[in-house]
Amino acid sequence: MAVVTVIEAIRDAMREEMQRDGSVFVMGEDVGRRGGVFLATRDFLDEFGEQRVVDTPLAEASIAGIAVGAALSGLRPIAEVQFADFIWPTVNQMIGEAARIRYGSNGKLNVPMVLRSPYGGHVRGGLYHSQSVESYFAHTPGLKVVAPATPYDAKGLLKAAIRDDDPVIVLEHKRTYRSVRGDTPDEDYVVPIGSAEVKREGTDASVITYGLTLHYSMQAAAELENDGVSVEVVDLRTLRPLDTETVLESVRKTSKALVVHEDNAAVSVGSEVSALIAEHAFEYLDAPVMRCAGPEIPAMPFAPTLEAAYMPTAEKIAAKLRELVAY
Amino acid sequence: MYWAGAPNAPKTSRITRGAQRWVWDNRRTMADAELQIDLPDAPADSLTTEDLLDIYATMLLVRTLDERVWAMNRQGKAAIVASSQGHEAAQLASVWALRKSAPDFFCFTYYRDLAVTTALGLTAEESLRGFLARDGEPLSGARQFPQHGAAPELKFINHSNVIGTHVPQAVGWALGVKMRGEDTVVACFFGDGTTSQGEVHEAMNFASIHRLPIVFFVENNKYAISVPMSRQMAIERYALRAEGYAMPGTTVDGTDVRASYQAASTAVRLAAMGGGPSIVEFDVERYLPHTSDDDDTVYRDPAEIEEAKKRDPLEKLHALLSGTGMLSEERDAAMKKRARDEVNVATDVAEAAPFPSDEDVFRHVTSET
């Protein structure tokens, strides 16, 4: 066991996979000598050389497109988009191409690539270094989307993504990179894609969340425990395919559901989770499904007051939980 | 071959061979990037009589097939057709150059490449199953438009209808080739409209930086649906852009099989020898509307098309073969009959085939399905 940060877990996952499999390589802006702007690939250039640590031009569309082609040819690229705010030029390749190539070739081709990107805010990142982009990709059949929140899950899910035969978008909340520490085992392991996890057991209400708001939800649950309220917290971990069973099992047990995420609420992962609960656990519910999510504004603003107004914090989640429990 | 730093490496690196001037940037500032490859042009006679007759037979089959599916579209049987008529010589010359100079080649093609896919082994029956969306269509299981999907066993991928997305993918494939140390040369085919896509610029830039083994074959028919070349680019020929990427680039008469072969062969051999990417622009013609859904009478003067037909690649190859005694009238008639028979049989088989089962709709979404 080693206690590591999320960014260290991500670095360990990539290094171990590159040591294990010669077809795995990293590409992206500044991944070489700089080691990535968040140091995810620190020292990789020295260990693996220029062939497998490819500094790309500043051009996200082709970072994705070249990764798609390299994956088609039999390699397993890990492409990094430096901030998820810069991921939009890759949409043509990821949603238009990577997601459809297995289907459009009737199974003759597949795209075993990973697109990693730091997302999310509460880091004073302003409009263009804070965005939550997950809904756009999680909407798309043919893609897999994971959003780990702990070092254990980050390492295990990234390894699973690298070994997966389909394109996987790995969204890493940048505020967790250095603020969240945790154990990772010394031995090799993966966290299966498509598996949620109950991070805290409870009986009075279920919070369904992922990413940074997992940690804020855990704080809120701890606070409510002082009031004698037992809150269960489900970490989705994978946003496509969703682990519907784990969500429904929790809601059937507690009969109350609060869906929490930083992304704005409309047409979001939370919309889908809420709909699934309504469809499949309606008769178990003692209250309407409630949501605590980012507001309907284009992105997270820069000024601390405005940022705080955006962010679903532990306090806001706790307040919503009290409303839910009192219903 | 001279590599940077070699004692005999020249200081400048303009490749000039025969009548073709390969534009190679003398002003390239990266000191370690200078390269000269001593690469003679392929002699015109390196396409043997046998090759030319094979190309002619393939061109007859492709033209017959193209005309057939166009007629079937007008009969309401084939939903959509994009014609290769006018492009065939460039496409077939490219495939022959790849076969002869880089047997491990791999192709990324686009929707107007019926002669490429046919030369690579896609049969008339298989193409017709695609045009009619029938079961057993090999590229996509009839999920996609005709000619779209993949045949890695025939060395080509033609996946997307989104213009230019295959260009960075082809470059990514070439990166894989280089990483694995393989001898493959990647060929990427696209039209003049595609050249305006930003991803094409990004892909060419990357290919040149890493000196990847790829050839960009630009089939310039001077129209992107209705938009003429003068509204697509401000230069008189696309290959001029090559200089900006520090690549060789050339423009050649794409209706002339032998000239096209020479240019393609030079580019393929350059890539195979480690010389990196280059652009071969084929000046070709489009005799029919963009697709069967287009009406070119609103934007094209019929006289222009009549003029362009004087360059018909099939007529030109026929004139070459018969004029030099390589093709008798009897043999020509027999070859034409063989092409018609093949397309007739293929049409019957494809028309009799069922549509795919609706149960196929959920298959191959991910590795789990």
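This is a predicted model: local features need pLDDT of at least 70, side-chain atom pairs count only at pLDDT 80 or more; totals for chains, interfaces and linings use all residues.
Chain A is divided into two domains: domain 1 covers residues 2-184, and domain 2 covers residues 197-326. The C-alpha centres of domain 1 and domain 2 of chain A are 26 Å apart. Where these two domains touch, domain 1 of chain A gives 26 residues and domain 2 of chain A gives 23 residues. On the domain 1 side of this contact, three elements of chain A give two or more residues: α5 (134-138), β6 (144-146) and α6 (151-163). Sorted by class, that side of domain 1 of chain A has 10 nonpolar, 11 polar and 5 charged residues.

Helix α6(A) also packs against another helix. The axes of α1 (residues 6-20) of chain A and α6(A) come within 8 Å and cross at roughly 30 degrees. An angle under 35 degrees counts as roughly parallel, and therefore α1(A) is roughly parallel to α6(A). Their crossing is right-handed. From α1(A), the residues that make the contact are A:Val6, A:Ala9, A:Ile10, A:Asp12, A:Ala13, A:Met14 and A:Glu17, and from α6(A) they are A:Pro151, A:Ala154, A:Lys155, A:Leu158, A:Lys159 and A:Ile162. The contact of α1(A) with α6(A) has 9 nonpolar and 4 charged residues, with no polar ones.

The crossing in which α9(A) passes α10(A) is right-handed. On the α9(A) side, the contact residues are A:Thr244, A:Val247, A:Leu248 and A:Val251; they meet A:Val273, A:Leu276, A:Ile277 and A:His280 of α10(A). This contact of α9(A) with α10(A) has 6 nonpolar and 2 polar residues, and no charged ones.

Next comes the contact between the chains. Chain A puts 34 residues into it, and chain B puts in 33 residues. On the chain A side, helices α3 (60-72) and α4 (91-104) of chain A each supply at least two residues. The largest share of that side comes from α3(A), with 9 residues. The side of chain A that touches chain B is made up of 13 nonpolar, 16 polar and 5 charged residues.

Chain B has an open sheet of 7 strands. Read across the sheet, the order is β4-β5-β3-β6-β7-β11-β10 (chain B), and the pairing is mixed. Why do β4 (149-151) and β10 (249-253) of chain B each have one side without a neighbour in the sheet? Both strands stand at the edges, and each has a single partner strand, so one side of each is left without a neighbour there. From one strand to the next, the twist averages 15 degrees.

Notes. Residues are numbered from 1 along each chain as its sequence is written. Chains are lettered from A and ligands numbered from 1 in the order in which they are written. Two strands pair if DSSP finds at least two bridges between them. Helices (H or I, at least four residues) and strands (E, at least two) are DSSP runs, numbered from the N terminus. Axes are lines fitted to C-alpha atoms, for helices over the stretch in contact, and angles run from 0 to 180 degrees between N-to-C directions. Two residues are in contact if their C-beta atoms, placed from the backbone, lie within 7 Å. Ala, Val, Leu, Ile, Met, Phe, Trp, Tyr, Cys and Pro count as nonpolar, Asp, Glu, Lys and Arg as charged, and the others, Gly among them, as polar. A crossing is left-handed if the near helix is turned anticlockwise from the far one by less than a right angle, and right-handed if clockwise. Domain bounds come from an automatic or database domain assignment. Angles under 35 degrees count as roughly parallel, over 145 as roughly antiparallel, 65 to 115 as roughly perpendicular and the rest as oblique.
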